[in-house]
Amino acid sequence: MPKVIAMAGKGGTGKTTLSALLLKYLIEKKMTPVLAVDADSNANLNELLDKKVGITIGEVRKDLKGDIPPNMSRDQYMEMKVHQALIEDSGYDLLVMGQPDGPGCYCAANQYLAMTMDHLADNYQYILVDNEAGMEHLSRMNLRSIDHLFVVSDPSARGILTARRISELTGPLAIEIKSKCLVVNRAPEPLSDELAAKINEAVAESDLPLGGILPASNELIHQEITGQSYLKLADNVPVVEKAFAIFDKALGAE
Ligand SMILES: Nc1ncnc2c1ncn2[C@@H]1O[C@H](COP(=O)(O)OP(=O)(O)OP(=O)(O)O)[C@@H](O)[C@H]1O
Ligand SMILES: [Mg+2]
């Protein structure tokens with residue numbers, strides 16, 4: 001059974017950034033193969049990995065509603081299509097979910113898709129899910145449990161409060177979340193005593209332990225602007241070192 005790691009957090013806090021850094025970590029620690037799932041309908045994890053999006057799962061689902069080749073069962077066709085949608089690289093594959101179906105669609109296509117995703121998942125040691133801001137996507141993915149959820153926040157009192165609320169929202173979901181932690185991203189360096197106190201206070205009052213704090217990083221901005229893969233960042237870049245320490249702690253403790 002693969003281990004599932006997912007991201008949550010308000011828009012623009014750094015979920016996709018953390019996903020790309022985590023993918024780098026998993027590859028370097030040989031915790032592979034990894035299936036990286038871009039579950040944001042406005043896909044952009046591929047950009048941080050310098051990859052082009054081909055077919056999305058949303059398109060596969062649409063296809064399945066139409067005619068399928070006469071010599072194939074619907075299962076076989078689905079399986080083939082999903083494999084076409086996989087973007088393969090060394091140590092990991094990337095799958096882009098694309099546009100979701102309309103709300104309340106329980107069509108057969110979704111069931112076939114869920115089954116195929118289950119099969120596919122068996123091929124990997126880790127599944128990494130980069131979400132968009134909402135939590136609905138986690139239910140859409142047909143995941144039964146999440147081994148670790150990273151809740152990402154900006155470095156502000158209100159941001160941390162929002163992260164706590166998002167973390168509480170995962171309670172009623174039909175997915176078991178085995179462990180989770182807060183990652184405060186883009187923190188100024190040095191961290192002010194006030195912000196440190198605020199973070200500690202928020203953490204002490206909630207069931208969301210602090211995973212760690214990541215600094216604002218010019219190296220990340222440079223990599224994004226020049227369109228270079230985050231996987232190629234040097235290991236001694238401070239934000240990479242700090243992210244790896246967070247992953248050591250969060251994933252090693254499982
Ligand atoms: N530690 C950091 N230092 C500098 N820039 C950062 C850092 N983390 C994220 N950013 C920048 O902030 C922007 C938003 O980050 P990112 O796309 O990872 O957020 P997100 O939570 O995935 O957003 P969305 O909710 O839109 O998916 C990006 O331009 C990214 O490069
Ligand atoms: Mg994102």
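Let's start at P2, which is partly exposed, with 17 other C-beta atoms within 10 Å. Here "buried" means 20 or more other C-beta atoms within 10 Å of a residue's own, "exposed" means 12 or fewer, and "partly exposed" lies in between, with C-beta atoms placed from the backbone. This is a predicted model, in which local features need pLDDT of at least 70, side-chain atom pairs count only at pLDDT 80 or more, and totals for chains, interfaces and linings use all residues. Residues are numbered from 1 along each chain as its sequence is written, while chains are lettered from A and ligands numbered from 1 in the order in which they are written.

**Around P2**

- You will find P2 in the segment before strand 1 (3-9).
- Leaving out residues up to four places away in sequence, P2 touches A121, Y124, Q125, Y126 and I127; a contact means C-beta atoms, placed from the backbone, within 7 Å.
- P2 and P155 are 153 residues apart along the chain, and their C-alpha atoms are separated by 32 Å.

**The whole protein**

- The protein has ten helices and ten strands; these are DSSP runs numbered from the N terminus, with helices being H or I of at least four residues and strands E of at least two.
- A compact globule of 254 residues would have a radius of gyration near 18 Å, and the protein agrees with its 19 Å; the radius is taken over C-alpha atoms, and the globule rule is 2.2 Å times the number of residues to the power 0.38.
- Of the 254 residues, 37% count as buried.

**Helix 5**

- The buried residues of helix 5 are Y112, L113 and T116.
- They lie on the same side of helix 5 because they cover an arc of only 100° around the axis, judged by the directions from the helix axis to the C-beta atoms.
- Those buried residues pack against helix 3 (57-65) and helix 4 (74-85).
- Turned away from the buried side is a face with the exposed residues Q111 and D118.

**Ligand 1**

- Ligand 1 is surrounded by 20 residues, and the closest are G11, G14, K15, T16 and T17; a residue counts as near if its C-beta atom, placed from the backbone, lies within 6 Å.
- Helix 1 (15-28), strand 9 (180-187) and helix 9 (218-225) each supply at least two residues of this shell.

How values were computed:
Contact = placed C-beta atoms within 7 Å.
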